[in-house]
Amino acid sequence: MARSPQSDINRSDTIRSDTNQPAADSNSTSCEHTAHMQADAHGGHGHRRGLAALLPERQHHGADRPQDHNHNHDYDHHGAADGATAVHHRRVVFIGNPNVGKSSMFNSLLGAKARVMNAPGTTVLLERGSYRYGDETWNLVDTPGTYSLLPLSPDEEVASQAAMGTDGQPQPDLIVAALDATNIARSLYFLAMVLELGRPTVVALTMNDLARRNNVGLDPAELSATLGGVPVVEVDGRTGKGASTLMETIAASFHGTPMPRGLHAIDTHSVDVASWVEDNADARFEWAAHVLEHLNLESRARITRSDRIDRVLLNPVFGILAFLAVMFIVFQATTWLAGPMQDWIDGSVREWCEAGINTVFSWFGPNATDSWFHGLIVDGILDGCITVLTFLPPMGIMFIMLSLLEDSGYLARAAFVMDKAMRAMHLDGRAFLPIVIGFGCNLPALAATRTLPDSRQRVLVGMLVPFSSCTARLSVYLVLAYAFFRDQAGLVVFLMYVCSVLLILGVGILLRQVKFRDLQSEPFAMSLPPYQVPRLVTLVRPVLVKLWDFIKGASSIIITMIAFMWLLQSIPATANAGSFGHVDDVHQSVYGVVADTVAPVFAPAGFDDWHASAALMTGFVAKEVVVGSLGQSYAINSGNEDEQQQGEGTLGEAIRHSFDESSGGHGRAAAVAFLLFTLAYTPCLATVAELKRQFGRKIAWQTVGLGLVTAYILAVLAFQTLRWVL
Amino acid sequence: MIPITITIMSTAQFRPTPGRTASGRTPDGQPLTIRNCPLHVDATITGIRLDARHRFRMLELGLRVGTTVRVTQRSNAGGRVVARGAERIALDGATANSIMLDLAVANA
């Protein structure tokens with residue numbers, strides 16, 4: 001249960017006088033903002049206390065929060081150390097019910113300037129960015145969708161705090177309330193609550209095009225008049241139509257907006273939020289009914305086009321089939337469709353880049369390409385860059401597919417259809433999507449966790465995604481299955497996928513009981529948006545922005561780690577190993593020494609062998625290179641052989657020999673242990689980088705640790721059990 | 001056309017008969033809820049058997065005692081889609097089972 005907002009209110013110190021009442025003129029507005037600035041100058045910082053008040057606001061936001069030096073302040077301090085001058089950036093908070101097109105509207109306003117980050121001390125995602133309007137800079141904040149200011153989840157709590165300016169959140173200078181024209185009655189109830197906060201409020205009327213199609217379209221001017229003059233602007237988030245009018249209206253409304261008759265402003269710092277929300281609910285509904293009466297929305301179809309589509313897509317039988325078909329399409333798109341593009345980047349683009357680098361080096365002499373620096377650039381930096389680029393196709397396709405599903409209105413239905421199935425882990429039905437996608441590639445699967453409305457569920461699913469057996473792991477399964485279980489290779493590979501599913505279930509249940517104890521199954525009650533045809537063209541910019549965010553967030557860790565691996569392999573560890581950057585036998589490098597050192601750890605799992613530990617270390621970077629690393633360590637060039645040929649050929653024989661030796665004659669048991677370890681431990685560096693980007697360093701390391709511990713326990717248990725029979 | 005036929009049949013089946021079946025009950029005497037309510041029939045919410053905070057959330061979604069709703073879709077695991085005017089609200093089976101209805105009030 002979410003913490004009572006009242007406790008937060010009581011803790012907050014405020015120097016502000018009551019500025020909740022809309023100002024009548026610009027003079028009072030000026031006074032209001034002066035009050036804000038004085039509070040800052042004296043260490044008040046709105047609601048920050050003690051030493052924290054002396055620190056920049058971002059210090060409050062916890063280690064998990066991505067740094068964004070430009071957007072975390074509502075005040076920018078300039079000049080001397082005494083902080084004599086401060087520029088007030090007006091704070092505009094966007095709030096609304098889930099699935100009302102609020103985020104689309106926000107993205108259409110900010111585009112590439114929008115930044116997703118965690119709310120202070122939480123994993124709840126907030127989107128924010130700076131918007132220049134004339135000489136002013138406004139800080140726009142998009143909050144998670146909520147049905148109420150009385151929260152039932154951490155995400156709703158953050159939305160509520162942002163609107164109310166409690167628990168360290170600055171008071172908004174203006175609130176943009178997204179009003180869904182297709183769900184006007186419920187939206188009006190929520191709007192009433194927002195208006196009662198007494199902040200200047202502008203209504204952004206969304207989905208009015210859909211409402212018109214259902215003969216319940218609204219006239220913004222008429223609605224504004226019915227609301228007693230509260231500004232109403234129709235905005236289409238998908239096309240951006242109405243966005244500039246919205247910003248003009250916001251600019252004109254900072255001085256205050258009227259309070260509709262029947263509603264009364266509260267003092268957010270003295271009110272008991274629970275009592276206020278609950279006790280006035282009837283009055284709000286009466287007010288909403290009164291507004292609806294004036295709008296005369298009675299003529300509406302009893303059975304809409306969306307109802308007809310739902311007859312199929314929510315049917316008890318066909319609904320599940322349709323959901324599985326959608327999952328299949330998304331899965332195929334992120335694997336088969338992305339595959340050739342990834343191959344092209346990994347092959348052709350790499351060759352072009354290498355050729356270009358070689359050309360540049362050749363300018364410095366005929367032997368320049370033999371230098372260690374060339375090796376660092378090509379095998380370290382370029383390899384890292386290419387690795388980042390190869391993930392762009394599946395990520396881009398995933399972002400497009402998610403946007404299409406969300407835009408069309410199907411994603412909310414998917415949550416409903418799969419609700420029962422995911423309830424075992426107290427997860428939303430939408431959690432099914434990232435886990436399924438994970439069987440193709442873990443990286444877009446992590447991107448898909450964004451569809452989950454609850455931050456705790458997002459983290460839990462993010463920690464489970466690495467246990468989905470991605471296609472990169474298949475090559476390892478095939479080689480070892482053919483090397484050790486030639487006649488039952490297919491069965492072994494199939495069982496690996498079964499193990500993956502069981503792992504997800506087992507670890508999910510375990511995590512829920514250990515780390516996510518507060519995650520309880522909530523009654524499923526969700527407003528369904530009407531279906532609409534998604535517009536691909538309008539998705540391009542947000543998808544590009546998300547891809548750029550991925551590149552910025554994940555590339556540094558990927559490139560650094562790959563360069564580090566190159567460094568380990570380039571430092572000779574013995575006298576005869578060669579020179580720096582020219583170590584022919586990887587076993588003679590520092591990398592080989594580390595692999596030798598690590599190998600005994602795997603003795604209880606039956607593969608106390610440096611070839612195996614070196615392959616697992618390389619596999620931490622990417623599972624695709626495990627087989628290549630094994631071949632390299634055994635000095636076997638398997639050329640163009642496929643996995644079956646490799647498993648049945650010289651490489652398989654070498655692995656069999658090593659594993660038989662390290663396991664005391666139980667090579668097959670050791671092979672199973674190695675397979676399970678490969679399944680459960682960290683899938684790749686890119687996944688770690690994405691985990692850190694999305695959930696912060698702490699969760700990323702916890703996930704890596706969880707994978708390693710689970711993998712080790714599984715491998716040891718499997719070997720110690722199976723060595724009696726295999 | 002077929003759904004309309006079903007609607008008429010279902011309504012007839014559930015329509016209160018004086019002295020026999022109460023309008024807030026199914027023909028076999030069970031309390032009428034969103035889960036066992038026939039499709040496309042107007043019904044009035046008479047009670048919500050949930051804990052206080054979730055009952056209040058239903059209220060905020062517009063599912064209040066006295067509100068007229070229609071079940072528009074049956075889904076898997078007892079899930080239902082309820083129409084309240086132009087709005088559509090999806091409810092899981094347990095929640096649908098906890099919202100009590102009465103046909104008589106709505107059709108009066």
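In this predicted model, helix α23 (residues 590-598) of chain A and helix α24 (residues 610-621) of chain A have axes that come within 8 Å and cross at roughly 110°. Angles of 65 to 115 degrees count as roughly perpendicular, and α23(A) and α24(A) are therefore roughly perpendicular to each other.

**Helix packing in chain A**

- The crossing in which α23(A) passes α24(A) is right-handed, and the residues that meet there are A:Tyr591, A:Gly592, A:Ala595, A:Asp596 and A:Val598 from α23(A) with A:Trp610, A:Ser613, A:Ala614 and A:Met617 from α24(A).
- Helix α28 (residues 667-680) of chain A packs with helix α30 (residues 697-722) of chain A at an angle of about 165°, the axes being 8 Å apart. That angle makes α28(A) roughly antiparallel to α30(A), since angles over 145 degrees count as such.
- α28(A) also passes α30(A) in a right-handed crossing, where residues of α28(A) including A:Val672, A:Leu676 and A:Phe677 meet residues of α30(A) including A:Tyr712, A:Leu714 and A:Phe719.

**Recorded transmembrane regions**

- An unreviewed UniProt entry lists transmembrane regions in chain A, among them residues 669-688 and 700-722.
- In the model, residues 669-688 of chain A are 80% helix and 0% strand, with end C-alpha atoms 29 Å apart, whereas residues 700-722 of chain A are 100% helix and 0% strand, with end C-alpha atoms 32 Å apart.

**Recorded binding site**

- The binding site listed by UniProt, again from an unreviewed entry, includes A:Gly96, A:Pro98, A:Lys102, A:Asp142 and A:Gly145. The listed residues span 50 residues in sequence, yet no two of their C-alpha atoms are more than 13.3 Å apart, so they gather at one spot.
- A:Pro98 is found in the loop between β3 (90-96) and α3 (102-110) of chain A, and A:Pro98 is partly exposed because 19 other C-beta atoms lie within 10 Å, where 20 or more would count as buried.
- Leaving aside neighbours within four places in sequence, A:Pro98 is in contact with A:Gly145 and A:Pro453.
- A:Gly145 lies in the loop between β6 (136-142) and α4 (154-164) of chain A, is partly exposed with 19 other C-beta atoms within 10 Å, and, not counting residues up to four places away in sequence, touches residues including A:Gly96, A:Lys102 and A:Pro453.

**Contact between chains A and B**

- The contact takes 31 residues from chain A and 28 residues from chain B. Among the elements that give two or more residues to the side of chain A that touches chain B are α5 (184-196), α12 (318-362) and β10 (525-527) of chain A, while the largest share, 4 residues, comes from α11(A).

**Chain B: confidence and one residue**

- Chain B averages a pLDDT of 79, with 74% of the residues scoring at least 70. Over residues 1-21 of chain B the pLDDT is below 50, and this stretch has 22 contacts in the model beyond near neighbours in sequence. Where pLDDT is low, the predicted coordinates should not be read in detail.
- B:Pro31 is placed in the loop between α1 (2-14) and β1 (43-48) of chain B, and B:Pro31 counts as partly exposed because it has 16 C-beta neighbours inside 10 Å.
- Apart from neighbours within four places in sequence, B:Pro31 is in contact with B:Gly24, B:Arg25 and B:Met100; the C-alpha atoms of B:Pro31 and B:Met100 are separated by 7.0 Å, although the two residues are 69 residues apart along the chain.

Notes:
Residues are numbered from 1 along each chain as its sequence is written. Chains are lettered from A and ligands numbered from 1 in the order in which they are written. This is a predicted model: local features need pLDDT of at least 70, side-chain atom pairs count only at pLDDT 80 or more; totals for chains, interfaces and linings use all residues. A residue is buried if 20 or more other C-beta atoms lie within 10 Å of its own, exposed if 12 or fewer, and partly exposed in between; C-beta atoms are placed from the backbone. Two residues are in contact if their C-beta atoms, placed from the backbone, lie within 7 Å. UniProt positions are given in the numbering used here, feature names are shortened, and annotations may be inferred rather than shown by experiment. pLDDT is the predictor's confidence in each residue, from 0 to 100. Axes are lines fitted to C-alpha atoms, for helices over the stretch in contact, and angles run from 0 to 180 degrees between N-to-C directions. Angles under 35 degrees count as roughly parallel, over 145 as roughly antiparallel, 65 to 115 as roughly perpendicular and the rest as oblique. A crossing is left-handed if the near helix is turned anticlockwise from the far one by less than a right angle, and right-handed if clockwise.
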